[in-house]
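Please open the model in your viewer and keep the sequence panel at hand. The stops below are given in the order in which they may be selected.

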Amino acid sequence: MAFGTRHDPDSTQPAPRRERSPGIKLLFVVLIGLALIVPLMVSYALVWDRQQQSETAQASINAGWGGPQVIAGPIISVPFRTTQTEQRQVDGKTVTSVVEVERLLYISPIANRVTTQVEPQERRISIYSSVLYEADITGAATFELPADLARFGVTRERLIWDRAELRIGASDARGLTKGGVIRINGNPLTVQPGKGPGATSGQGFFAFLPWTGEGRIAIDYSFGLRGSRSLSLVPRGGQTQWQVSSAWQSPSFSGAFLPEQRELREDGFRASYTVDKLALGQPPVATEDLGAPDIPDVARYASSSMNVTAAAYPVDSRSEMIGGQSQAVTVGLVEPVNLYSKVDRSVKYGFLFIGFTFLAFLLFDIVGGARVAAAEYLLTGVGLVLFFVLLLAFAEVIGFTLAYLAAAAAVIGLLSAYSAAVLKSWKRGGFIGAMLTALYALLFVLLNLEAWSLLIGAVLLFLALAGVMYATRNLDWGAAVRRDPPPESAV
């Protein structure tokens, strides 16, 4: 009578092995996938760290040359005397008195026409590069006092014309290496450093202006300016016209106003702006100057110790009062491919690769009969994560597109051969390789069609879910199976 089963040590038949249910296998695969969050986050942090190193290297290249530049003016500033009421505490009592103070009247041009030619160049430190430029700026402005000046709170007899100044600003004075020229009605003026408009935080140059406020005057000016990455113009007064051209082939146009006309050619670009006083919403004269515009590149570079900031040139609050914020138009000389942003975005698709590959392994395991161990899932996942590290390392040296092809080919070849060994079939390994090739091709498309990435990704996930449902429609997820033949029973 048989009391049970036993295994004969001399038998060549293997011992029976009870395998986990498909549901348990799925749980293990999910847990391994979650564990791969750690190397994915490390890859993401590595991209961020390398981008910071790139920006530091770019800042060192720009040091001594000039950062993103903002040009403003010309404007005329004229001191005037006025009275104001002050309150003081004397022996515990509030004493009110009227005192005479000196303030500035800022006069904007009724028309300003600016022409700028930008000559770009790239400079490198090791594998890092930065876009620098030299700009030749010429302009012609016309000034006239409004006939109803008194209605703006200032009368002519209070203006101190012998101290009138014409001011032109550049936000980073390090770039003013070629000097500047100012002419009034064709007569040259002596140029002095500093005292730029508030939009450039007081940086720039000025000239004492021989004008008494009578009639209309014509101002011609020109200067050279060095900078990096972007050039911005602050429109002011009645009407501002700006024509800018450059040999750079990848410009960006941003700011408060976009160009009316722009032409992109193989040999560079050309853009034209026209900004009217009604769009600016600024009076022709004011007793407070406007502050610096909000330009992201300038804000980022201002945080660097190698850039001259507004804090380094404080404005006298008694005579240089800043009222409100300027508006600016910006032309950026951007890199055609921002490799760090693309690598950063590709890392965010890491789970798409891990999920699809693990899913294929799981289906081969529970449907096709191939046995895949947890360590094999883990090693495959690490190989998929390594793709992003290779992509970043290669992209810094040979560019994003070539780096993407090289990293994808290396990982596809490695995982295809490994999958053939794990799944005991070159045909199955070829399927994994074909699937990864399709995924990497799809990711490249998603990186270049950012606006469509959500739609394409959602459709892909839906199709993948539908395929899994179809392949496992007859699968009992809770049942355990025996793959090995049972041993002989003892009787």
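Helices (H or I, at least four residues) and strands (E, at least two) are DSSP runs, numbered from the N terminus. This is a predicted model, in which local features need pLDDT of at least 70, side-chain atom pairs count only at pLDDT 80 or more, and totals for chains, interfaces and linings use all residues. Residues are numbered from 1 along each chain as its sequence is written, and side-chain values use heavy atoms, with hydrogens and water left out.

**Loops with positive phi**

Select Ser201 first, in the loop between β8 (192-193) and β9 (204-208). Its phi is positive, about 55°, although Ser201 is not a glycine. Is Ser201 buried or exposed? With a relative accessible area of 16%, Ser201 is buried; the term means under 20% relative accessible area, exposed means over 50%, and partly exposed lies in between (1.4 Å probe, protein chains only).

**Strand β1**

Select residues 69-90, which form strand β1 and include Pro74. The peptide bond that joins Gly73 and Pro74 is cis, with omega about 5°. Further along β1 is Thr85, which counts as exposed at 55% relative accessibility. Which residues does Thr85 contact, leaving aside its neighbours within four places in sequence? They are Thr96, Ser97 and Val98, where contact means heavy atoms within 4.5 Å.

Now select α2 (37-62). This helix has 26 residues and reaches 37 Å from its first C-alpha to its last, close to the 38 Å expected; the expected span is 1.5 Å times one less than the number of residues. Its buried residues include Leu40, Ser43, Val47 and Ile61. Ile37, also in α2, is partly exposed, with a relative accessible area of 31%. Just after the helix, Gly64 takes a positive phi of about 85°.

Show the surface and colour Ile24, Leu26, Leu27, Phe28, Val30, Leu31, Leu34, Ile37, Met41, Tyr44 and Phe351: together they form a nonpolar patch with about 940 Å² of accessible area. The elements that give two or more residues to this patch are α1 (22-35) and α2, and the largest share, seven residues, comes from α1. Patches are made of residues with over 30% relative accessible area and no salt bridge, and nonpolar side chains (Val, Leu, Ile, Met, Phe, Trp, Tyr) are joined within 5 Å, like charges within 9 Å. A salt bridge is a side-chain nitrogen of Lys or Arg within 4 Å of a carboxyl oxygen of Asp or Glu. Accessible areas come from the Shrake-Rupley method with a 1.4 Å probe; for residues, only the protein chains shown count as cover.

**Helix α5**

Select residues 339-347. Eight of the nine residues of this helix, α5, are buried, so α5 is largely enclosed by the rest of the structure. Among the buried residues are Tyr340, Lys342, Asp344 and Arg345. Their cover includes α2, β4 (128-144), α6 (350-366), α7 (374-398), α8 (400-422) and α9 (426-448).

**Confidence**

Finally, colour by pLDDT, the predictor's confidence in each residue, from 0 to 100. The chain has a mean of 80, and 85% of its residues reach 70 or more. Over residues 1-9 the pLDDT is below 50, and this stretch has nine contacts beyond near neighbours in sequence. Residues 482-491 are also below 50, with 22 such contacts in the model.
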